[in-house]
Each structure stands twice: as C-alpha cells, then as structure tokens.
Amino acid sequence: MQLLLNAIASAAILAPAAIGFTLIFTLFRYTNFAVGALMTTGAFAAWGMNELGLPIWMGGVFAVVFGAGLLLASDRIVFEPLRGRSGGTLLLVSIALSVIIDNVIRFAFGTQIRAFDLPLRPPLTFAGLRFTPETLWVIGISILATLAVGALLAFTRLGRALRAVADNASLASIRGLPVPRIEAAGILLAGALFGLSGTLAGLDLAIEPNLSLALAIPVIAAAIVGGLGSPLGAALGAVIIGLAEELTVAFISAPYKGAVGFVVIALVLLIRPQGLLGRPVERK
Amino acid sequence: MKLSRRLFISSAAVTLAAPAYLRAGLAQSAPIVIGSMTPLTGGGGPYGPEKSDAHRAVVAQVNAQGGVMGREVQLISEDSETNPEAAVRAARKLIDADKVSAILGTWASSVSLGIMPLCQEANVLQVFSGSSDYLPDGDTKGLIFNLQPLNKAWAVALADLAVQRGFTEVAFAGPKNDFAASMGESFAASLEKLGGSIVGEPFYYNPGQASYRAEAEHLIRMNPPAIFVAGYVTDFVPVYRELIRGGFTGQIITLSFAVGPAFKEAVGDAANGILHGSPVPPIGKDSYETYLRLVGIEPSGQVQNSFGCMAYDEMNLCLLGMEAAKSTDSFAVADAIRKIANGPGERVTTFAEGKAMIEAGTAMNYDGASSSVDFQENGMLKSRDFALYEVKGGEDEIILTTTSDATQ
Amino acid sequence: MTQLILEHLSAGYGGADIVHDVSLQVGSGEIVTLVGPNGAGKSTLLKSLAGVARVTAGSLSIDGTDLVALSPFERATRGVAFMPQDRNVFRTLTVTENLETSAWGHDDIAARKDEVIGLLPTLANYLNKAAGGLSGGQRQMAALGMTLMSRPSILLVDEPTAGLSPNLVGEMLDVLQQLTRDSGIGILIVEQNARAALARADRAVVLVDGRLRRAGPAAELAAEPDFGALFFGDHA
Amino acid sequence: MDAYLVAILTTAAVYVILALALNIQFGLTGLMNFGVVGFYGVGAYTSGIMTETLGQPILLGMLAAIVVGGLAGGLVSLLSIRLSGDFLAIVTLGFAETMRLAFNNEDWLTRGPRGFLIMTRPVIDGLGRGATAWFILGVFVLAAIIVFVVLNRLAGSPFGRVLRAIREDDLVPATLGKNVLAYRLQAFVLGSAAMALAGSLYAHYVQTITPDNFTTQVAVLVWMSLIVGGAGNMKGAVVGALVVTAIYEGTRFLAPLMEFLTPTQVSALRFIIIGTLLIVVVRYRPEGLLPERIAPRSRPDPVPAAG
C-alpha cells in the first residue's frame, strides 16, 4: 500500500508536465524533449523567488507564469519557423534546445545544489501509511491542476477550440476559429504546466541543472502510456509509470530503474500506439 | 564544395592560431604552463569551482612574487564534465596543444583513471584528489600524487566511528559509480574486522534520478539501526529527504563533503544527528586558514571547501617541486615533491616560505592546508587525519579525530 | 440581397494555375451548381473562394468587401462559409461541441444551435455522439450544421453527396434547396451527380479544363441534348 | 601542436565512421536511429572483452565488435516495423540508455563503473610516442576510408536507390515487390556494425572505457555531424564530422579569450554555442553543407546521386 502512495506522490510531480507534453503533441504532432529542461527552469524560477523571501507557493505562481512565457518564446523563436518539418527533426531541435536551456541555467546559477527553505519533518502516519504535509500538498495541487485542465478542455469555449485545432487545424480555420491565437493559448497552458511540475519536483529533489534528462524520460513515458490523443490520459500514465518504477526498485533491481521509462514506452508504442485513453493519432 | 572547404580551413586555423598567440604574447622566456582540470559540469559540478578557484589564487600569488625560476606560471583551465570521454579530449588539448607540464585538480576517480594512460605516455605529472582504491594501479612511472586518502583508509575511520557509537549492524547505500562501489567494499570489510556486519546487500541506486522515493522506501523497509550513505551531494540530499519523510528514525552516517553548507541550508535543522566523517582539513590550522583567506572565505570553525584546500596543496607542491628541481621535467619534479612533502626539514606552509628555503639551501617539509601531506612510494597519502563529526544545532561538532594510516 | 462576385478569377495551389479567368455571381436565395468533368478545377475554384487555394488573378468580393487578402477564418466572419468534401467534422468532439465550436466569437451560441437544429431536425437525435462515430449521411448533415452556425450569407459546398447511398443524395440536395428557400442563403455547390443537382439548382455553370464553358438556367442546360457530352468532356 | 592535431584527427576519424554509419540508416533510409551510442558502446566493450578477458588479438576483437554490433542492429531494426520518425527515435534512445545502464551494472562482464582497462592497442610495438600516434591515426583513417568506400558504393548502387525510395515513401517500393523490412534490416545492420567498429577502435585508442563514455551527448554530436554535413550524402557526413569536431575542439580555445568569465561559465557557453549552431543549421541550411545531389523530391524514383 505504501508503494501505491509513493507511486502517486511521484506521479503527482510528473502529471502536469505530462499533460502539457500531450497538449503540445496533439497541437503540433512532435515530441518536445526540452520538457525536462523547462521543468528545471520552473524549479529554478520558483527557487529564485523563494530565495528573495517569498513563500514557496508564490514562487510556484511565478514559475508557472515564467514557464508559460518561456515555452511561448521558445516556440516562436525555434519551432514556429520549422512548422512544416518532420517529427524527427523537431525532436532533434528540442534536444538541442534542452542543452541550451540547461547551460543557460548553469551559466546564470552555477552548479551548486539549491533547495526551498522548507523544514524537513518526519512523516505523519495514518492507517499504516507514512506521508508528510508536503506530499499531501503536491498530490493535492497536482490533482487540482489535472481537474482544472480537464474541466477547461471539456466545458469551456477555449477548451473545445483547443481540441478542435488538435483534431483538425485546417478545418478549424475554415470554421472561423483564430487558429494561431488558440495555438498560442495551448502553448501558454502547456508552459504553465511545465513550470508547475518543475516547482513540485523542486520540493522533492535537490534543484540543480543536471536533472533535465532524468525528468524528461518519465514525463514522455507517462504521456505515451496515457495515450497521445488525450491530455487527461497523461495523468493516468504518470501513475502507471510511478508504480512501474516503484515496483522495479522493490522487486527487480534499483540501478535499472532508469530503463523503466524506456521499456514502457517501447512496449506501448509496439502494442498499442494510441495508449490507454488516446485515439489513433495520425503523425507527420 | 567550395563553401565547405573554406569553412573547414578557417575553423582549423582558429584551432591552430590560438595557442601560438597565447605563448608569444605573454612572457619574455617561455612561461611554465600548468593544466587545471576540474569538474565544472556533471555530477562533480558542485565541487569543481572551489578547486579551480584555489588553483587560480595560488598561481596569481606566485606570479606576483616573481613566478617559478623567474618564469611566469600560466594556468589553463578545462572542464572534465565529470565524464571520462570529455576529460580525455580536454587532456589531449592540454598535453598536445598547450604543452602543459602537469595536470592538477581532477576529482572523479573515473576521470583521473581515464586520463592516466594519456599522462603516463606523455610523462605528464598528475596531482589530484580521488579515493577509488584502483587509482594506484594505473601509475607505472611514479608520476601521480593524490591528496585524498583512498576508500580503504576512509572506510576504516568511518567503521570505527559507527562501532564506537554502538552501531555494529549498518546498511550500505550509494550511487552506482566507481567511488561508491569501492567505498561499499572497503566499508563492509572494515566493519567485519570490527565484529560488525552489513545489513543485507550493499544497495546501489541509479544516480541522477527524477525521484528517490522508491530507493528510500527500500532502505526503510530493511529498517537497519544505521545506514551509511556514500553519495555525492546531488543524490544525497533527495535520498536523505525521502528517508526522513519516509519515517526512517535510525542513524545516518555519511561523508563530510555530502553535508556541507549547501546541504545544511537545504535541509535545515533536520540535519541534526547525522554522523559524518572524512579526511578533513585541520580546522584552526594556520595553513588551512591562510588558504581560506586567500580565496576570500572567513574561517568559521566549520568544514569549508574540503576540496579547495587540497587543490591549494596540489598547486603549491607542484610549483615548489619545479622550483626545487629547477626544471619542469616530470620525473625530476616528482622526486622533488616527494622530498618536499615527506621531509625531514624545516616546516613550510606556502610557496614563498618554500622558495626561501630552496635559496638558503636548507631541506624543508611542506605542511599543507588539507593535511600534513606525506606520500607513500605510489604517490598515495601515507596517513591523513580524519575528523568525525555529529551535526548538532546545524553545526558540525567534532567527536574525535583519528589518523588512519593507509600503510598498515 | 448579398452577392458573391468573381471577376476574371484565376487560382491554383501555388504551382501553375488550375482555374483561369472565371467570372460568376452567387446571390442569396439561389442554388448555383458547378458541374464539369473530373479534374476540371471545380474543387479548386471552390477552395479558392474559401481561401484554402490561392487566388492568383482577378477579384473576389462579397457585397463590395474584397476577400482575396483575407485568411479562411477572416472570410468565415464575412459570411462566406465553406463545407469541405471530407474530414469536415472534428471527429473527437461530440456533434453539439462541433456546432458550438463553429460559432466562435458569437455570444448567442445556444440560440444559433437551436436555429440550426430547427433547419436540420435530424441532427437532434445524435447531438451527443462523437462526430467520428457517425454514419456518412449523419456526418455530412453535422458538417452542414456546423457551416450554418456562423449564419453565412453564401455557402460553398464541395461534393456533399460523395460516398452517400443514392436515396441519401436526393435527401441532402433537398435540404440544401430548402435552406435557400427558408433562410435566403446563396449556395454554390460542386456536385458529381449532375442530373440530381441540376434538378434542384436555379443556375448551372459548366467548367472544363479550368475555364467557364457554359452558364445559364439549370433547367435550360439540363434539357440540352448534348449535355451528356459536355459533361463528360468530349467537347462538342 | 601537431601532436594535438593528430589526436583530434584520430577522434574525428571515429566520428566520421559514426556519421557515415548513421547516414546509411537516416540519410538514405530515413531511419531515425538515436541509439547510436548503444551500438558504439557494444562495439567498444565487445572488443575490450575479446582482447582483455579472452586474450584474443585485436583484429579478432574488431571482428567480434562488428558481428555483435550487427546482431544488435538487427534486433533493434525489428522495432522499425511498427515505429517511425520521432517514436523510433525515442525507443532507440531508450536502447542506448538501457545499454549504458547494463554496462554500468554488469560488473562481472564490463567491470561496471570502475572502468575497463584495455592494454592492446592497434599498433606495432617499439614505436616512440609520436610515431605511435601517427600510426594509430593512419589505422583510423584507413578504417574510415574503407567504411566510406563501402558505404559510398552501396549508396550509388541499386541497393542505395531502393533505400532512398523507402525514405521518400515506403509504399512505392513495397508495391514494386521490394521487401521494405528486409532493406530496413540490412540498412540497420550495416550501420550498427560500422558504429560498433568505431566503438572498438575508440576503446583500443583511449585504453580505459567506462559507461560514462557512452552518454547521449555523443549521439547529439554524431547527429549534428550528419545534419551539418548533409544527410544523404556520404561526403557530407565526412565533412560534417570534421567541421563539428573542429567546432567542439575549437571552442575550447575560447577560455583564455574570456578571462572575465569563471571556468563554469565558459564551459556552459561552449555548449550553448554548440546547441545554437545545430538549431541554426537545421533552420537555415537543412540540407547541410553538401546537400544530397539528387533530383528534386517530386520525382518518385530519384536519379542515383553522383555521391
């Protein structure tokens, strides 16, 4: 049972970013590998504010806004001119972008490890389960974010428009939808989710610029398992990845935990490419 | 085709021109070129800068006092990226392009071992800090000096500490890298010698992870009375956090460089109770404090820059060796270093004092900022004083110091 | 009485022009059928009016406002609606959502939806189904409903009956005719089933090799003896 | 100074072989293989195990590396049945990372993180340091030329034309009765065998290999060489590898020119420059320095490139 709670706690960190990743994929049909670096930037942004004395949640808000702006800027500068290109080329460019962002952080902040000034407290226990207030906060915020995005997509005009553009961008433009503006809204939303996930990861880990690859793999695995057609599927995918990693360490062998994300991706893509909740998505 | 040929030639020209410009412009007679290779990125990132800063400070000081043999010392700094593949390429540049006489400051044992064949082949001196027990195996020409005791010596001290505090059953955990691997073996061996034993199997985890919850859970489930975690600060902080958050109440034992100021700031007063030890700079010793002030740090009675002080000694020894040997030939310098370090002779703590001794023709014994600096035949430290601490009220409180003699 | 006016219009997809020097008008309340052999450029002409293909020469305006410079979604806001032949619904959205999304920027979405359901009553019984799951006929009806959500004055319809069973073809064309009668919309339709289309059209335009060959009242053209030859491209 | 150039050209030769191998897979056949480092590592360790643990001569080590690399390529190519583009890229990247973990954790075979000391070198004994370096460079350049000639002739042959057709659109060749999977398999096996050869050469040159030698960063540099050089053109791959090596090594000399930056910042700046260069090249010169000289894409069956 503790394993399940731990899996959910890890999933809670990955879920928002996985949803954002799927949003980007459904809108532009490419896998953005820089998600890890964007999360790290979110963590540093939140830490920066926290360092100035602001409480962590305000740092988190700043990270969300900063993440949104950064993704929009990176889309305009790097990905916009390459719109027509194949998924593979865009993946390569996103890896290069990830290297750049990491090193800009290293240039600005150096390589020392950082952390929020958060008192480290022993856990509370409840029905044999051990958890700390932070874990509750992380799970709570993550569920809130997932539901909020779900509600936005399902019930609001913008949500419908986003799903429409994701489904068929040319039809959307014929039907009078301002596709460029809707795409921008989608990017801002995804960037905000990356910033949020970055802040949540900062609560857990030492904040340092070497995390990007380690963060990117489970997020992409969660998105693919959840089904690249459906953003909400990504949240479910995150729980599955979290559980798979917990079980690997407990029963198989800890040093191979890094491979779990990849094995899961390979299995899903080979057996059920549309993942759990997704619909077959035709790709470039 | 035309464009690419022009681009290739111009970029090759840049590669050729740069070092020549460096050599001609700087000094009347050729300067003494020293390579400083420290981990500025990758796993060792948090520790590299203090080493390269120490090198730069010493070189600046020596040049201000007339350099070595009247020649200016030129320092070329490279990033080892805590990765042997990148380190080998950087070392090639230092050796073949910059023609360095020595490469100082490597930190990760995999890097020091990685560039060793290259340095041995080019007869380039290596002075570094590393603790893997495999380091001496790579040297066949007596051209390496290591300012840090090997894991064997380290493990003996920590095993003493554990047993003295009543922990005979200790679990071991660490990242899957060469440092932790050899530390795990030595710690298990020395614990057995003292009648204790490792709880379960030494537990290795994958460094650089998105979360360490699962690893901590594994350790908590074993519920050992104490755990020795041999991690770098980048993985020790999250693992420690998850252990506390997971409700582990046993004793945590680790290495001092994992619980420096950055760790205490990150974890706050939950750091109290941690037992840690390592070959440590003699707090309060004059040479250690001179080093700290040289790099602009006010001594605070705490363990500070435990790697920076070793880099300080690396550079002093190298330059004093050259001054004494009156040459930059590695073998002559190495012999000189052995005499300077092991003595017997007048105690000296800085390059200036040493230089005065050389001019006066009297023998000297260099007493460094990081340790008394006495080397064995294979370039490893003879003995090193260890300090063992307990974190109380956010401060490192000294419990005992032992001198662990690696030669037994 | 809105008028969509084309004068000497040429268009293509960026390469060589496919449509050359076409002039015609489509007024509200009338159905104009565009017929001609396959590859005559019928769809290209229609798409150029919608902004999906590129107008390379001539002018295109509705009630005086020039459309050539406007993007598809700007043209949609000027009252020109285009129904593509296929992939004309958002498969992952429900029919209701398809309709609501097609009225972007208007605040009386609910009223418009009722209006459209009034015009196309069959929509009512599969409003909550995902558009991807509909049958051919239902999907075309939903697509038509989506185009009507922006209350267009001119409707450009690209082969609405493609892939439909024969009886559904008549039904769809009747609905279109009904629309022109009830809500005064002008419809320009490209249709393979020429005979069925002409039967319901007011005027017809024949396009061969991208050029306007004949134009005139639908009944008159249908009656012409060599109409079949004309239509199948073996020039008279 | 020339010793440094010899060393850099030797490393460049290894990257030339890797870029050529990737070119037959991606350049010609359109297979997005991001697992370059996996095959490179397999070759290095296989060769090391053959010569050190089993005491075989170096040529046998190289041969074993090529065979094992080819086998691994065959297996991984099965993935390309269902996957293409960025999905194949992620899965092959996963293959490389998993191999790195295997190297790191299978201490019994690869001595894990401690590093694998390799004494045998591709050289005749008794030469001085300088001569050995030149000798090794000679061996590496010879290997690179052999790989170039073999792959270049293949690229110009009917086999190469089918691969290019598969890249353009795998339906056309399929309808012409070409077994697309078999061709993809051959392209993958050929490429990974060459990568394994590069790994074997590198291992015996560097003399100590650790799992950290085979990180994704190496794959990024190889991909960059191909994109900068010109995907689809064998000469392009060669020039690309040389240019990227020149830039990767050249930026090392920036440090003394920027005294005001700390070493950490200089190192960070180097990677920013390298990353930016890749994006700029992909955007403004996607066909690379030496574009593939075939008829424009519109023609289904491209005329064989002069290559």
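What follows covers the interface of chain A and chain D, then the cysteines. The model is predicted.

**Chain A and chain D**

Contact between the two chains involves 42 residues of chain A and 38 residues of chain D. Together they bury about 3400 Å², and 78% of that area lies on carbon and sulfur atoms. On the chain A side, the residues that lose the most area to chain D are L92(A), F107(A) and Y256(A), which together account for 20% of what that side buries.

Three residue pairs are in polar contact across the interface of chain A and chain D. Four helices of chain A, namely α3 (56-79), α4 (87-109), α9 (212-226) and α11 (257-271), each supply at least two residues of the side that touches chain D. The largest share, 15 residues, comes from α4(A). By type, the residues of this side of chain A are 31 nonpolar, seven polar and four charged.

**Cysteines**

Over all chains, a search of the whole structure finds zero disulfides. C119(B) is in no disulfide.

| Cysteine | Nearest cysteine sulfur | Distance | Relative accessibility |
|---|---|---|---|
| C119(B) | C318(B) | 12 Å | C119(B): 0% |
| C309(B) | C318(B) | 17 Å | C309(B): 0% |

Technical notes: Residues numbered from 1 in each chain as written. Chains lettered and ligands numbered in written order. Predicted model: local features only at pLDDT ≥ 70, side-chain atom pairs only at ≥ 80, totals over all residues. Heavy atoms only, no water. Contact = heavy atoms within 4.5 Å. Buried area = accessible area lost by both parts, 1.4 Å probe. Polar contact = N/O pair within 3.5 Å; in protein donor to acceptor, adjacent residues only side chain to side chain. Nonpolar A, V, L, I, M, F, W, Y, C, P; charged D, E, K, R; others polar. Disulfide = S-S within 2.5 Å. Buried < 20%, exposed > 50% of the residue type's maximum accessible area, 1.4 Å probe, protein only.
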